[in-house]
Amino acid sequence: MAAEAEYESILCVKPDVNVYRIPPRASNRAYRAADWKLDAPDWSGRMRITAKGKVAFIKLEDKVSGELFAQAPVKEYPGVAVETVSDSSRYFVLRIQDDNGRSAFIGVGFGDRGDAFDFNVALQDHFKWVKQENELSKNAQLGDSGPKLDLGFKEGQTITLNIGQGKKRDKPRPQGSGGFGLLPPPPGGKIAPPPSSGSSNHNIVQQTGGTATGCLLELDSSNSNTVVQSNPSSDLWGDFSAPASFRKQFCDSSSSEL
């Protein structure tokens, strides 16, 4: 607060303002600007509104030298330090004070209605800010004096966290030995058996002739085909049987030559 009181900010500056000496108030009725000598102001100069902390100061200064003519400290608005008149929006009554604490009431007026509006808004904005600061300070004091929450862990106290699992990744499709993926079977169809993985390039054709005869077709490295017929019931020369008379003649001729 001490630092704020030393800093002085300017709220509003109006270059033309008139000061009037007003008669004492005879009753509790509001002031009227028509009772003043508006044609002959007692002093003319500039008005500068400043603020030190929460107190506003309305300063009447000389236009050229800046010498202070009078000032009115304002601690609240509306209040006794600044009052409006009942018959005009361009005139106000100020309670001025000197360094000794003596006070007097004077009338001030603006030639332009916009200057009077700016004067009124500057004071309203300042004391609106003062009200907010008072509320924040009060809430801070109530918060400090109230019970404080102890959010620390007690001895032996634990906490459980349930961490949600992320999305499962799709499993890669199995690939064959050649590196290509297997296509799914058609609906309602049957899967054909895979071809033989043997390295031999031989085709075997078995023919059944009788009970134990067959034909073996073998392909060698020169891509030639060899047909082997086997018959376990016959020898290499085949069935070479002859009539008994031919065998007897063959035997007789052989013995005569010997």
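Visitor: Where does lysine 14 have its place?

Guide: You will find lysine 14 in strand E1. Strands are DSSP runs of E with at least two residues, while helices are runs of H or I with at least four, and both are numbered from the N terminus. What you see is a predicted model, in which local features need pLDDT of at least 70, side-chain atom pairs count only at pLDDT 80 or more, and totals for chains, interfaces and linings use all residues. Residues are numbered from 1 along each chain as its sequence is written, and side-chain values use heavy atoms, with hydrogens and water left out.

Visitor: Why is lysine 14 called buried?

Guide: Its relative accessible area is 10%. Buried means under 20%, exposed means over 50%, and partly exposed is in between (1.4 Å probe, protein chains only). With 10%, lysine 14 is therefore buried.

Visitor: What makes lysine 14 and aspartate 118 a polar contact?

Guide: Their side chains are joined at 2.7 Å. A polar contact needs a pair of N or O atoms within 3.5 Å; within protein, one must be able to donate a hydrogen and the other to accept it, and residues adjacent in sequence count only if both atoms are side-chain atoms.

Visitor: Which residues is lysine 14 in contact with, leaving aside its neighbours within four places in sequence?

Guide: Lysine 14 is in contact with Arg46, Met47, Phe110, Asp115 and Asp118. Contact means that heavy atoms lie within 4.5 Å.

Visitor: Let's move on to strand E3. Why is strand E3 said to be largely enclosed by the rest of the structure?

Guide: Strand E3 covers residues 55-61, and six of its seven residues are buried, so the rest of the structure largely encloses it.

Visitor: How do you know that E2 and E3 pair?

Guide: Two strands pair if DSSP finds at least two bridges between them. E2 (residues 43-52) and E3 have seven bridges, in the antiparallel sense, so they qualify. Lysine 52 stands opposite valine 55 in E3. The hairpin of E2 and E3 has two residues between the strands, and glycine 53 takes a positive phi near 70° there.

Visitor: What makes E3 and E4 a pair?

Guide: There are six bridges between E3 and E4 (residues 68-74), again in the antiparallel sense, and this meets the definition too, so they count as paired. Lysine 59 has glutamine 71 in E4 as its bridge partner. This hairpin has six residues between its strands, and glycine 66 in the turn has a positive phi of about 75°.

Visitor: Which residues of the largest nonpolar core touch the most other members?

Guide: They are Met47, Ile58, Val82, Val108 and Phe119, in a core of 27 residues. Elements that give two or more residues to this core include E2, E3, E4 and helix H2 (113-145), and H2 gives the most, with six. A nonpolar core is a set of buried Ala, Val, Leu, Ile, Met, Phe, Trp, Tyr and Cys residues joined through side-chain atoms within 4.5 Å. In soluble globular proteins, nonpolar side chains tend to be buried together.

Visitor: What does valine 108 touch, not counting residues up to four places away in sequence?

Guide: Its partners include Val17, Trp36, Met47, Leu60 and Phe92.

Visitor: Why is the pair of glutamate 61 and arginine 48 called a salt bridge?

Guide: A salt bridge is a side-chain nitrogen of Lys or Arg within 4 Å of a carboxyl oxygen of Asp or Glu. The closest N and O atoms of glutamate 61 and arginine 48 are 2.6 Å apart, so the pair passes. It links distant parts of the chain, with glutamate 61 in strand E3 and arginine 48 in strand E2, 13 residues apart. Glutamate 61 has 4% relative accessibility, so it counts as buried.

Visitor: What makes arginine 29 and aspartate 35 a salt bridge?

Guide: Their closest N and O atoms are 3.8 Å apart, which is within 4 Å, so this pair counts as well. Arginine 29, at 47%, is partly exposed, and aspartate 35, at 40%, is also partly exposed.

Visitor: Why is arginine 102 called exposed?

Guide: Its relative accessible area is 59%, which is over 50%, so the word exposed applies. Arginine 102 forms a salt bridge with aspartate 98, with the closest N and O atoms 2.9 Å apart. Aspartate 98, at 32%, is partly exposed.

Visitor: How many salt bridges does a search of the whole structure find?

Guide: The search finds ten.
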